[in-house]
Amino acid sequence: MSAQVINGKEIVSAYRAEIKEQVDALKDRGVQPGLAVVIVGDDPASHVYVRNKAKACEEAGMHSEVYKLPEATPEAEVLELIGKLNADASIHGILVQSPLPKHISEERIVESIDPLKDVDCFHPVNVGNLMIGKEGPAPCTPAGVIEILKKIGVEIAGKHAVVIGRSNIVGKPMAMLLLREHATVTVCHSRTQNMEEITRQADILVAAVGRPKMINRSHVKPGAVVIDVGINRLETGKLAGDVDFDDVLDTAGWITPVPGCVGPMTITMLLRNTLESAQRTAHTEAVR
Ligand SMILES: Nc1nc(=O)c2c([nH]1)NC[C@@H]1CN(c3ccc(C(=O)N[C@@H](CCC(=O)O)C(=O)O)cc3)C=[N+]21
């Protein structure tokens with residue numbers, strides 16, 4: 001038996017159509033959601049992603065601004081720009097693309113963003129709110145994974161979900177969102193012993209390691225849902241996930257392709273977070 005390959009394109013386009021409807025409804029009330037993306041330096045991959053984000057915004061009827069700053073920009077200048085964007089009523093979401101040049105502190109940058117405009121959900125206030133289950137944004141990649149699981153109709157509650165990776169942007173918030181959905185959650189990482197034994201217990205396996213094709217059939221329980229968060233550019237120029245897709249195909253029950261699933265879904269969640277931020281602003285203004 002072969003796994004069902006999750007149709008990312010279909011899920012993404014349906015989701016974005018729903019977002020666009022809500023954007024149109026908000027525009028009728030005089031508010032156009034706006035996203036500002038700040039990119040410092042000239043990492044080619046970052047520029048591709050930033051272009052994709054701006055394009056997705058425009059297609060959804062949102063306003064988008066991209067600030068491309070040279071590699072040598074002093075941190076103070078980036079902070080000044082963020083200060084302006086924080087105060088700009090036409091901007092509801094601010095995203096500072098990582099990685100940043102070494103002379104700039106990611107921590108100071110993230111903490112300077114107004115938590116209400118933090119559509120990445122990287123600000124400590126939003127990370128804390130996520131931990132205690134408060135309303136607000138969720139980080140785009142893990143939020144996208146949850147939406148994918150819901151769209152294919154797999155039950156999360158009570159299932160064993162194993163997350164491989166413990167980064168602040170994917171692994172940790174992923175575990176938290178799965179817990180919110182009532183999964184039993186295990187987090188594996190580079191120091192985990194007998195990892196295959198653990199991952200083979202997973203009903204839902206999320207790979208967020210950042211190493212191409214590391215996960216193969218020996219890690220996967222027959223019939224498991226395998227979600228591949230990895231986006232690794234190979235020397236050939238091709239993209240590879242963290243999962244060895246061909247090897248796992250006959251074992252998994254469901255599997256996400258790379259490219260074409262978690263990546264575009266991440267951008268879709270960025271649109272959702274920006275929309276919701278704009279909706280909250282519109283609501284606050286209406287009740288004032
Ligand atoms: N502050 C910040 N927030 C981020 O969300 C953020 C970031 N910095 N830095 C970089 C990573 C990476 N990331 C991707 C988003 C979409 C695709 C995507 O759409 N990928 C396509 C392929 C695109 C291609 O061909 O390269 C796909 O998987 O099908 C990839 C990567 C967001 N990131």
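Reply: Happy to! Let's take residues 139-280, a span whose end C-alpha atoms lie 18 Å apart and which is 35% helix and 17% strand. Please keep in mind that this is a predicted model. The span comes from an unreviewed UniProt entry, where it is annotated as "domain: Tetrahydrofolate dehydrogenase/cyclohydrolase NAD(P)-binding". The domain assignment of the chain draws its own bounds, giving domain 1 (32-114) and domain 2 (140-263). The C-alpha centres of domain 1 and domain 2 are 28 Å apart.

The unreviewed UniProt entry places a "binding site" at Gly-165, Arg-166, Ser-167 and Ile-231. Look at Gly-165 to begin with: you will find this residue in the loop between S5 and H7. Gly-165 counts as buried because 23 other C-beta atoms lie within 10 Å, and 20 or more is the cut-off for that label. Setting aside residues up to four places away in sequence, Gly-165 touches Val-170, Gly-171, His-189, Ala-208 and Val-209.

Ile-231 sits in another loop, the one between strand S8 (225-228) and strand S9 (232-233). Ile-231 is partly exposed, because it has 19 other C-beta atoms within 10 Å. If we ignore neighbours within four places in sequence, the contacts of Ile-231 are Leu-239, Val-258 and Gly-263.

Helix H7 covers residues 171-180 and is mostly covered, with seven of its ten residues buried. Those buried residues are Gly-171, Lys-172, Pro-173, Met-174, Ala-175, Leu-177 and Leu-178; Gly-171 is also one of the residues that Gly-165 touches.

The largest nonpolar core has 83 residues, and Leu-205, Val-206 and Val-226 touch the most other members. H10 is the biggest contributor to this core, with eight residues. Domain 1 (32-114) and domain 2 (140-263) both give residues to it, so the core lies between them. Val-226 shows how such a residue is surrounded: apart from its neighbours within four places in sequence, it contacts Leu-205, Val-220, Val-243, Val-248, Ala-252, Trp-254 and Ile-255.

Finally, let's see what surrounds the ligand. The shell has 18 residues, and the closest are Ser-98, Pro-259, Gly-260, Gly-263 and Thr-266. Helix H2 (44-59), strand S4 (93-96) and helix H10 (262-287) each supply at least two residues of the shell, and H10 gives the most, with four. Domain 1 and domain 2 each provide at least three shell residues. By class, the shell is made up of eleven nonpolar, six polar and one charged residues.

Technical notes
Residues numbered from 1 in each chain as written. Predicted model: local features only at pLDDT ≥ 70, side-chain atom pairs only at ≥ 80, totals over all residues. Buried ≥ 20, exposed ≤ 12 C-beta atoms within 10 Å, placed from the backbone. UniProt positions renumbered as here; feature names shortened; annotations may be inferred. Near = placed C-beta within 6 Å. Nonpolar A, V, L, I, M, F, W, Y, C, P; charged D, E, K, R; others polar. Domains from an automatic or database assignment. Contact = placed C-beta atoms within 7 Å. Core = buried A, V, L, I, M, F, W, Y, C linked by C-beta atoms within 7 Å.
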